[in-house]
Amino acid sequence: MQTQTHLESQTVINKKKKLKKNGWNLRNTWQLHAMLLPAVIIVFIFQYIPLFGLVMAFQDYEPWLGFLHSPWVGLDHFKTMFEYEDARQVIWNTLIISSLKIVFNIVVPLAFALLLNEVYIMKFKRTVQTIVYLPHFLSWVILGGILIDMLSPEGGIVNRVLVSLFNIKPIFFLGDNDWFRTVVVITDVWKECGFNTIVFLAAITSINPTLYEAAIVDGANRWQQTVYVTLPSMLPIIIVVGTLSLGNILNAGFDQILNLYNPLVYKTGDIIDTYVYRVGLLNGDFSYGTAVGLFKSIISFILVVAGYRLAYKYANYKVF
Amino acid sequence: MYHYQKSLSYKIFIIFNYFILALSALLCILPLIHILAVSFSGSAAATANIVGLWPVDFTLDAYKKTIGNENFVRALLNSLLRVVLGTSISMACMLCAAYSLSKSDHAFKGRKIYMWFFVFTMLFHGGLVPTYMVVTKLGLTDTIWALVLPSAISSFNLILLVNFFRTSVPKSLEEAAIIDGANHFTIFWRIYLPISVPAIATISLFTMVFHWNSWFDGMIYMSNVKHYPLSTFLQTIIVQQDFSKMSVDAETLKNLSERTVKSAQIFIAALPMLIVYPFVQKFFVKGIVLGAEKE
Amino acid sequence: MLKKLFASVAAAVMTVGMLAGCTDKEPASSNSSTKSDGGKQLVTITTIRTLKDDTKFRKGEDVNNNPVTRWAEKELGIKFKTLWTAPNDEQYYNKIRLALSSGQELPDVFMVADGLLINDLIRSGKVMPVDEAIEKYASPRLKEIFNKFPEAFYPATVNGKRYGIPRFSGGNGSDSLLWIRKDWLDKLGLQPPKTIEDLEKIMDAFVNQDPDGNGKKDTIGLTLASKNGLATWLADGSFIFGAYGDYVPGSWSKGKDGSLVYGSVQPSIKKGLAKLHEWYEKGYLDKEVGILDEQTAIKSFVAGKSGILSAPPWAAGWPVSDAIKNNPGAVVEPYPLPSGPDGKIGRRGEGLTVGMFLFNKNFKHMDKFFEYWDAIYSYIFNDSKYFKYGLFEGYDYVMKDGKPVYDPKQIPGGAIDPGKYFLTTDIPTIPYMLYNLAEELYTTKRQPKNAYEYTKIVAQGEPYMKAATIVNQQNQYRIENEFNGPPTKTMQKRGEFLTKMERETFANIIYGRAPLDEFDKFVKKWRKSGGDDITKEVNEWYKSVKGNK
C-alpha cells in the first residue's frame, strides 16, 4: 500500500519534471497566436472596420454625403426613440416575447435531447432528430399563411380540435391580445427547437463514458445517471447557450412578428424591430435604424456580460 | 450500450418516451407534408386553401417553373461552391481559433482579449452600408469571396466550439501529449480534432445551413444574375409587384398564385440538407474519447 | 496538413488583396460613342432595372441581348447596357441606396418609384433636370401627353424644376368594381345591387340562405382585406366609404376649399366604419377580416365561401378564374359599384404614374433617349414604322399567309412579350388608354388591330372587357390620392405613429372592441400629434408643384 502511494507520487513528480522540460511549448504561445491570426484578420476587416458606420446613429446620414459630411445631430435619434408614445409598450412587448422564447428555447430542446438520449433504436432516433430540425428551413412568410389557416376561428384545425375536446368557443388566436404572444412563442419554439437540440445532443455524446460506468458501479439507475452525470456534464453548455441567448433579449423575432401581427394585436405584439421597420418605410434613412440597433447592442452587451459574471460566480464556469 | 435497471417504471417511461417523441415528430412533419402537398397542387386550389395533406389537381408546374429556369443549375452550382468553400474556410479558421481560445487564461496570456474581441462582434454590427462599402472597396463584389469571407467567423459558433473543446477533451490526455513533447499544432491535430468530432459535425452543419440559406448577401453583392447562389435565385422566382400601381398583364396574373411556387422552393431548398443531415448524424457516436484514451 | 491549410488560407487572403488592388470596373456612366457596323454613330446608354420573373427570354437571350436591344442598336443606333438587375422593388432600391452611399456613379437612365428615393437622388445633385431636354427633344405627341397629365411630373418636381419623365400607369387600371356570384343571385332570386341597401340585402341572403346549398351556415357576404388599410388594390373596401362621402381612408384629396385634406379623418369615414362594424356583427364579413391582407383575404372568395369581391377588372384572370375553377357551376359577373343613401358613389383611384425615369447629370444623349421614347410610344399610338402588327415577329405574333397571327399556340416556342425588354419594363401606357380601348373593343366588337390589342385586351376574355368597360364608365367617381411627393418632414417623424393609431382604431371599431365615438378621439389626437402640421406641409408641397404649370 505504501509503496504504491510512493510510486504514484513518484510519477506525479516525474510528470511535473517533464512538463517543465517541455515548458517552452506552454510558455511560448506564438503558436496559439498564429492559430488565431486568420480568424482575427477576417473579423477585423469585415466586422470591425464597418463599425465606423455606427457614427450614423449620431448623424442625419445622407447617402451622397457619406459618413464624413453628413450633418451631426448628436443624440437626437435616441431622444426620438424615447419620446415615441408607444416606446414603453413596444419595448415591453419585445422583452416579454424574447425572454419567454429564450427560456423555452433552452428548456424544450434540453428535455428533447434527454428524451432522445433514452432511445436505443438508432433509426428512430435519427429520424426524429432530422424531422424536428426541418421546420427550421421554413420561412415565416409561408408559415404565416399556414398559421392563419390552422388557427382560424372558422374551421381552423386547432380550433376544431379544441372545440371538440373542451367544448369551448373558437379562439381568434391571431387577433386576440390574450393569445397572440403565446402563439408567437409556441410557434417559434416549434420552428427552432431542433437547433439547440443538436447542440445538446452533441454535448451528451461528448460526455466521458467512464463517468457513467462509475455511476453504474455505484448502483445508479437511469434516472439517477441523468440527474447526477448527464445534467452536470451538460451544465457548461447550457450556461453557454443561455448566456449567448441573452444577447437576443431585444430581438423578439422580426420576420415572425411581421408575418403574424396585425392592427388588432399591436397592443401585445408590436416589437422594436417591427416599429423600426415601419419608420424606415417612411423615412428610408439608415440613421434611425442604426441608432436603435446601437441601443439594442448596448443593452444586449450589458446583459451578456452580466450573464458571464453570474455564471462565473455561481457555477464557477467561464463562458468565454 | 450501458447497463441500466430494466425496472417496470423505466419500461413505462420508455413507452411514454417513444410516444412523446413520435408525437413531436408528427407535429413537425405534418405542416411540411401540407406544404409538400401544396407544392404539387393546382394554383387555384392552393389559393383557396383547400389543400390538406394530399395534392389537389396534381401538377408539377411549380417545380417546372423553378427547375426549368435556365439559371437554376448555375445557381445550384454556385451554392454548392459557396457551401464547400465557405464551410471549409469557416471551419478551418474557427477550429484553429477555438483551440487557442480553449486554453486557460493562465496558459495563454492574451486569451481574454481575443475572446472579447470576438464576443463584441456578436453584439455590435456596423450595419449594411459600411459592410457593403468594405466589400466593394476590396473589390469582392460579384465574386464568391463576397459571400464566404464576410461571414466566415461566427462568434456564436466559435464560442460553442471553444466550450466543446474545453468540456470534452480530458486534461490528462493533453498533459500526456505535452510530456511526450508534442507542440500545440500536434495536440490540436492529434487530440482535439479526433475527440471533438460530434462538435465539429454540429458546427459544420450549422455553417453549411447558414451558407445554404443566406440569400440577402447574394442579392446585394452580385450584379450578375449568373452569380446568384440558389437561395438568392429562389427569391427571384416569386413575382413580387406593387399591385396598387399595376397595369394589367396576363403573364403576371398567371404567376400570381405564388403559394405553390413558394412551397416548391422550400423543398428544393431543404432537400440537400435532408441528404446531408443524416450523414452528419453518423458522427454523433459515443466512445471516441474512450478510444483515444486507450491509444 | 496544417501548413497546407495555412498556405491555402494565406493564398485566399492574398487573392483577396490582389482583387482589391486591381479592380478596374467599367465606369457606370459611359457616354461613349463608337462606330457601329453601318458606320452610324452608336451611342451607349447604361441602365439598371428590376427583372421580375414574368419577363421571359428565348433560349440564349438575356437582358442585354434580345430583340429590343438588337432593334435599338440597328434602327436607332443605341446600345443599351443593363449594369445590374434586381428581382423586386425593395432590393432594387436597396442596391441604389447602397450604390449612392458608396459613391458609385449612377447609370445614365433608370426608373424609381419610391418618392423618398427620388427626392434623395434629386437632392444629391447627381440627377439632371429635364425641362430643357423635353422642350428640345421630345416629339410633339410626347409633349402633348406630358401636358395632358402635368401631375404625373409632381413626384420628381423640386423648386419648380422637373427631374424625371413619368412612366405612366394605366390610369384607372387598378380601380375596383364588384365581382358577384351570379349563380348565387339567381338561386336566391336576387337582383344585382344598385345601392348599399341592396347590397346589404344580398349579403344577408348570402349569409343566411345557404347559397352554396351545403346545409351549413358557412358563407359570408363580402371579401375584404384590411390589414394594410381599407382602401387597397384587391378586396378593396374603399367603395363603402365612397358611398358616404368624397373621401377614402389613406388618401389625400381636395377638400371643400380646394386644399388637400387627409381622407381618414373626414367625418364621412365614421359612417363607413359604422357600416363595417354592423356588417361584421351580422356575419357579412370574414371573422378574421382584421388580420387578412390582400392575398390572404381572397381565399374565402376563391374557395367559394364568399359571394362578393371588390376588385379591379384584371381580377378576371386572377383570382376570379380560380374561384370558377374551384367551384363547378360558379358564375362570377362584374357589376358597377353601388351608391350610398345620398346617391353618392366613390372608389379609390389609382395614381397616374408607376415611377419616374431619372437621368445621370452627366448623361449627354437626351436626344437619343427621346428618339427611343417616341419609337416605343409609336406602337400604342398605332403609328409606328417599326411595329405594325406587333413588336417582334416570332415573339408576340407570327405572319401566316401574309396575315398576322396572335394566338400563342401558333407562335413557335409560345408567345413572349418583348415589351418587357423595354426600359419601361412593359409596353408603355398612357393613363386611361387601355380601358378606353377595352370599352371600344367590347362595345363595337371590332377586330384587334395589333398584338397589343389582342394580348392585352381580347385574349383576356369577355368578363375582363366587360369589367373594364364598367370601371371606365364609373370614372367620374374616382377619388385619387393627390399627394404623390416624398414624405414630408413631419410625416417622416410622426407618420408611423399616426398610421399605427389609425389602423388600430379602425380595426377596433370594426370589431366592436372600441365604441364608434373612438373615431372622434382619434381625429383629435391625429390632428394634435402632427396631423395638422402634415396637412400644412402637404399643401405647401402641392402649391409648389402646381405653381410650375
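## Contact between chains A and B

In this predicted model, chain B meets chain A through a contact that takes 85 residues from chain B and 71 residues from chain A. On the side of chain B that touches chain A, the largest share comes from helix α1 (residues 8-39) of chain B, which gives 13 residues. Sorted by class, that side of chain B has 56 nonpolar residues, 23 polar residues and 6 charged residues.

For the complex, the predictor gives an ipTM of 0.86 and a pTM of 0.87.

## Domains of chain B

The domain assignment of chain B gives domain 1 (8-59) and domain 2 (62-294). The contact between these domains takes 8 residues from domain 1 of chain B and 8 residues from domain 2 of chain B. On the domain 1 side, the elements that give two or more residues are α1 and α2 (43-48) of chain B. The largest share of that side, 4 residues, comes from α1(B). The side of domain 1 of chain B that touches domain 2 of chain B divides into 4 nonpolar residues, 4 polar residues and no charged residues.

## A helix pair in chain B

How do the axes of helix α8 (residues 155-168) of chain B and helix α11 (residues 197-213) of chain B cross? They come within 10 Å of each other, and the crossing angle is roughly 170°. Angles over 145 degrees count as roughly antiparallel, so α8(B) is roughly antiparallel to α11(B).

From α8(B), the residues in this contact are Asn157(B), Leu160(B), Leu161(B), Phe164(B) and Ser168(B). They meet Ala199(B), Ile203(B), Phe206(B) and Thr207(B) in α11(B). By class, the residues of the contact of α8(B) with α11(B) are 6 nonpolar, 3 polar and no charged.

## Confidence in chain B

Chain B has a mean pLDDT of 83, and 87% of its residues reach 70 or more. Among the elements of chain B, which has the lowest mean pLDDT and which the highest? The lowest, 37, belongs to helix α16 (residues 288-294) of chain B, and the highest, 96, to helix α7 (residues 145-148) of chain B.

Over residues 286-295 of chain B, pLDDT stays under 50, and for this stretch the model has 17 contacts beyond four places in sequence. Where pLDDT is low, the predicted coordinates should not be read in detail.

## Domains of chain A

Chain A is assigned domain 1 (1-58) and domain 2 (81-314). The C-alpha centres of domain 1 of chain A and domain 2 of chain A are 35 Å apart.

## Domains and confidence in chain C

Chain C is divided into domain 1 (33-168 + 354-377) and domain 2 (177-349 + 480-547). Their C-alpha centres lie 36 Å apart. In the contact between them, 8 residues of domain 1 of chain C touch 6 residues of domain 2 of chain C. Helix α4 (residues 115-123) of chain C provides the largest share of the domain 1 side, 4 residues. This side has 4 nonpolar residues, 4 polar residues and no charged residues.

The average pLDDT of chain C is 90, and 92% of the residues score at least 70. Over residues 1-30 of chain C, pLDDT stays under 50, and the model has 37 contacts beyond four places in sequence for them.

## A sheet in chain C

Chain C has an open sheet of 4 strands in the order β9-β12-β8-β13, with mixed pairing. Which strands stand at its edges? These are β9 (220-223) and β13 (332-335) of chain C; each has a single partner strand, so one side of each is left without a neighbour in the sheet. Neighbouring strands are turned by 20° against each other on average, with direction ignored.

Helix α8 (residues 196-208) of chain C lies across β9 and β12 of chain C and runs at about 120° to β9(C). Helix α17 (residues 462-473) of chain C packs on the sheet and touches β8 (177-181) and β13 of chain C. The direction of α17 of chain C makes about 20° with that of β13(C).

Technical notes
Residues are numbered from 1 along each chain as its sequence is written. Chains are lettered from A and ligands numbered from 1 in the order in which they are written. This is a predicted model: local features need pLDDT of at least 70, side-chain atom pairs count only at pLDDT 80 or more; totals for chains, interfaces and linings use all residues. Two residues are in contact if their C-beta atoms, placed from the backbone, lie within 7 Å. Ala, Val, Leu, Ile, Met, Phe, Trp, Tyr, Cys and Pro count as nonpolar, Asp, Glu, Lys and Arg as charged, and the others, Gly among them, as polar. Axes are lines fitted to C-alpha atoms, for helices over the stretch in contact, and angles run from 0 to 180 degrees between N-to-C directions. Angles under 35 degrees count as roughly parallel, over 145 as roughly antiparallel, 65 to 115 as roughly perpendicular and the rest as oblique. pLDDT is the predictor's confidence in each residue, from 0 to 100. Domain bounds come from an automatic or database domain assignment. Two strands pair if DSSP finds at least two bridges between them.
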